[in-house]
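Here is a briefing on one protein chain. Please look over the sequence and the structure before reading the notes.

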Amino acid sequence: MSDAVRELLLSRIRDVADYPKPGVMFKDITPLLADPEAFAALTDTLAALCVRHGATKVVGLEARGFILAAPAAVRAGVGFVPVRKAGKLPGATLSQAYELEYGAAELELHAEDIQADDRVLVVDDVLATGGTAEASLQLVRRAGAGVAGVAVLLELGFLGGRARLEPTLKDAPLEALITV
């Protein structure tokens, strides 16, 4: 990704102080999504990562990951598979529980949407502590597919998500377009 694209994306991410609670600096990507030039540049960049890493499917993590992953999958000519919070998908699912800093959560996917010969790129908006991305990688592997990597728009480096993911990535790449 060029420096010009990185600067464009970064310029469209708004800081919102004290949201959702005092002391938190929230990174709001809605201005980026509202800007067709920035959103297209992001989509092109993520689609290029799909191609570079040989992805045959893109997994998007609920909810903002859906917004980024689906158009990237279309642009790259590969399938899109949503990973949702527990209880949101009809039919048979695989589920993965994981720990958050404030409790536990569970993710699900339709296992029949991923095949053993698939290479899956996991896409989300932000990598924070890494729990959600870690659970999604475990789901992809439990479905029998290979991991092409993880791609995020924004990595909050000070929260240690990259270090948490390293053992689960098993040498698959982690691509953060912007790190703060």
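This is a predicted model: local features need pLDDT of at least 70, side-chain atom pairs count only at pLDDT 80 or more; totals for chains, interfaces and linings use all residues.

- Strand E7 spans residues 119-127 and is mostly covered, with 7 of its 9 residues buried.
- E7 pairs with E3 in the parallel sense, over 4 bridges.
- Along this pairing, lysine 57 stands opposite valine 120 in E7, and valine 58 stands opposite leucine 121 in E7.
- E7 also pairs with strand E8 (residues 146-155), again in the parallel sense, over 8 bridges.
- Here arginine 119 has glycine 146 in E8 as its bridge partner.
- E7, helix H5 (residues 131-142) and E8 together make a β-α-β unit, and the unit is right-handed.

**Helices on the sheet**

**Histidine 53**

- Histidine 53 sits in the loop between helix H3 (36-52) and strand E3 (57-61).
- Is histidine 53 buried or exposed? Its relative accessible area is 16%, so histidine 53 is buried; the cut-off for buried is under 20%.
- The side chain of histidine 53 makes a polar contact of 2.8 Å with the side chain of glutamate 175.
- Beyond its neighbours within four places in sequence, histidine 53 is in contact with Arg119, Ala148, Pro173 and Glu175.

**Lysine 57**

- Lysine 57 belongs to strand E3.
- Lysine 57 has a relative accessible area of 16% and is therefore buried.
- Which side chain does lysine 57 join through a polar contact of 2.9 Å? The partner is the side chain of aspartate 118.
- Setting aside residues up to four places away in sequence, lysine 57 touches Val78, Gly79, Val81, Asp113, Ile114, Gln115, Asp118, Arg119, Val120 and Leu121.
- That list includes Val120, the residue opposite lysine 57 in E7.

**Histidine 110**

- Histidine 110 is in the loop between strand E6 (103-109) and E7.
- With a relative accessible area of 13%, histidine 110 is buried.
- Not counting residues up to four places away in sequence, histidine 110 touches Leu89, Pro90, Ala92 and Thr93.
- The C-alpha atoms of histidine 110 and lysine 27 are separated by 30 Å. These two residues are 83 residues apart along the chain.

**Aromatic pairs**

- One joins tyrosine 19 and phenylalanine 26, with ring centres 5.2 Å apart.
- Why is the pair of tyrosine 19 and phenylalanine 26 edge-to-face? The planes of the two rings stand at 80°, and over 60 degrees counts as edge-to-face.
- Tyrosine 19 is partly exposed at a relative accessible area of 44%, and phenylalanine 26 is partly exposed at 22%.
- The rings of phenylalanine 66 and phenylalanine 80 have centres 6.2 Å apart and planes at 85°, so this pair is edge-to-face.
- Phenylalanine 66 lies in helix H4 (residues 64-76) and phenylalanine 80 in strand E4 (residues 79-85), so the pair ties together parts that lie 14 residues apart in sequence.
- Phenylalanine 66 is partly exposed, with a relative accessible area of 21%.
- Phenylalanine 80 also counts as partly exposed, at 31% relative accessibility.

Key: Residues are numbered from 1 along each chain as its sequence is written. Side-chain values use heavy atoms; hydrogens and water are left out. Helices (H or I, at least four residues) and strands (E, at least two) are DSSP runs, numbered from the N terminus. Buried means under 20% relative accessible area, exposed over 50%, partly exposed in between (1.4 Å probe, protein chains only). A polar contact is a pair of N or O atoms within 3.5 Å; within protein, one must be able to donate a hydrogen and the other to accept it, and residues adjacent in sequence count only if both atoms are side-chain atoms. Contact means heavy atoms within 4.5 Å. Two strands pair if DSSP finds at least two bridges between them. A crossover is right-handed if, with the strands pointing away from the viewer, the path from the first strand over the helix to the second runs clockwise. Rings of Phe, Tyr and Trp (its six-membered ring) pair if their centres lie within 6.5 Å; planes under 30 degrees apart count as stacked, over 60 as edge-to-face and the rest as tilted.
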